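Welcome! Have a look at the sequence and the structure first, and then read on.

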Amino acid sequence: MMKKYLIAALLPMPVLAMAADAGEEESWNLKGQATYIWQRKSPFSAAYSGPNSLGTEAEKSYSFSGTLFFGYRLAAGTELYFNPEVVQSVPMSELTGLGGMLNSEQQKSSGPNPTFYRARLFLRQTWNLGGETTWQESQANQLAGNLSARRVVMTVGNYAMTDIFDNNAYAHDGRTQFMNWSLLTHGAYDYAADTRGYTWGAALEYYNDDWVYRVGRSLVPWESNGQKLDTRIFRHFSDQVEIEHSYTLGGQAGKLRLLAFHNRMISGSFRDALAAAGGATPSVADVRKEQSMYGAGINIEQNLRPDIGMFLRASWNDGKTETYSFTEVERSVTVGMSIAGTRWGRADDVLGIAGIRNGLSQAHRDYLAAGGVGVFIGDGRLNYRPEDIVEAYYNVRVSKSTTLGLDVQKIFHPAYNADRGPVLVAGARLHVEF
């Protein structure tokens, strides 16, 4: 379960609901959120720059998102959810130059004009199988009601893969927690998504007391990092499986999650691109064909005290082919902690500190060193080092529904290049739930 001391201040507040008291199931609810993030990058030095480099000059960026979360109970155990969303943003350097991007609210397709779209439209079916009953509070995309410790849950429709897979109480939501893309989920988890972060698919979960087993298949983009999805789900697809175990260590609650994924799509491999170039500048776009990507990750969250929690993620993918949906990371380790402000008399405030180390496969390094570029990175050449990032944020609870956050990130070896950086980025975030 989510750790109440650390995230109670961040959970959505119910506004319109048919159930007022615990024990009475909601028949519908409506909630919303709005998030504005501003960031500024200080100038930094670089021996050279390429077509997809982070700009060396001072830059500012912003993002805005607004979402409505509508839920309706069609029948006992059957729920329908619909999320219209609007986004607007201006990224730094046209969203290039980093593996661990600075703001997980930045989308590949967003721009300075507001864009309205459907973020989610999915059906959730729950079959309660018995065991201890827990009351589920009303939340965004969750109707209040009783859930059994043993149950089967099926989700079908339009949603984000990270809605279901690779959750973490302390590093999973850029609207209220860490902002860097590498802390949203596993850095090497090239999860299926369009340019806005959503897909269509189906997932099945089996809850058995302290264990959860998940499996899902979803649509991949028609082309690398594209908006259009490939509907040939039996030919091109993304499969994932996850095992989750809740436990107690030293009297404190924790969770362990193991994830594996397999993507089948039309993509270009780095070795093929290098061979085809014959000494010229390689391009994965010239050698795309039907092939697979495999990856895995481990995810741990652990309470150290009632007001302190830590997390650790480690992930890997085979690194043979171009990044298809997420970001250009093929090995990643992240570790950090969240601390509630109880000790300094601000129980609803949260301090978060995390470290990130991102890496690339040897094939990807050789491709970049030869002048190749990807969707996000490509300095024209490469003096390889792992991309190291430190991020810290502090959330101030302004009111029951409003949080103001301050954030700082320092990036060493941006885009895995020791000839560039380090880079310092300061940010501020306003988050409102209603």
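Does A415 count as buried or exposed, and at what relative accessibility? A415 counts as buried, because its relative accessibility is 3%, and buried means under 20%. Please keep in mind that this is a predicted model.

**The loop between β16 and β17**
- A415 sits in the loop that joins β16 and β17.
- Although A415 is not a glycine, its phi is positive, at about 55°.
- Most residues other than glycine have a negative phi, and most peptide bonds are trans.
- P422 is also placed in the loop between β16 (402-412) and β17 (423-433).
- The peptide bond that leads from G421 to P422 is cis, and its omega is near 5°.

**The loop between β4 and β5**
- S93 is found in the loop between β4 (78-90) and β5 (115-136).
- S93 is a residue other than glycine with a positive phi, near 50°.
- With a relative accessibility of 15%, S93 counts as buried, because the cut-off for buried is under 20%.

**Helix α2**
- Helix α2 spans residues 270-277, and its buried residues are F270, A273 and A277.
- These three lie on the same side of α2, because they cover an arc of only 60° around the axis.
- An α-helix has 3.6 residues a turn, so residues three or four places apart point the same way.
- The exposed residues A275 and A276 are carried by the face of α2 that is turned away from the buried side.
- The buried residues of α2 pack against α3 (362-369).
- After α2 comes G278, which has a positive phi, near 60°.

Technical notes. Residues numbered from 1 in each chain as written. Predicted model: local features only at pLDDT ≥ 70, side-chain atom pairs only at ≥ 80, totals over all residues. Heavy atoms only, no water. Helix = DSSP H or I, 4+ residues; strand = E, 2+ residues; numbered from the N terminus. Buried < 20%, exposed > 50% of the residue type's maximum accessible area, 1.4 Å probe, protein only. Arc of directions from axis to C-beta. Contact = heavy atoms within 4.5 Å.
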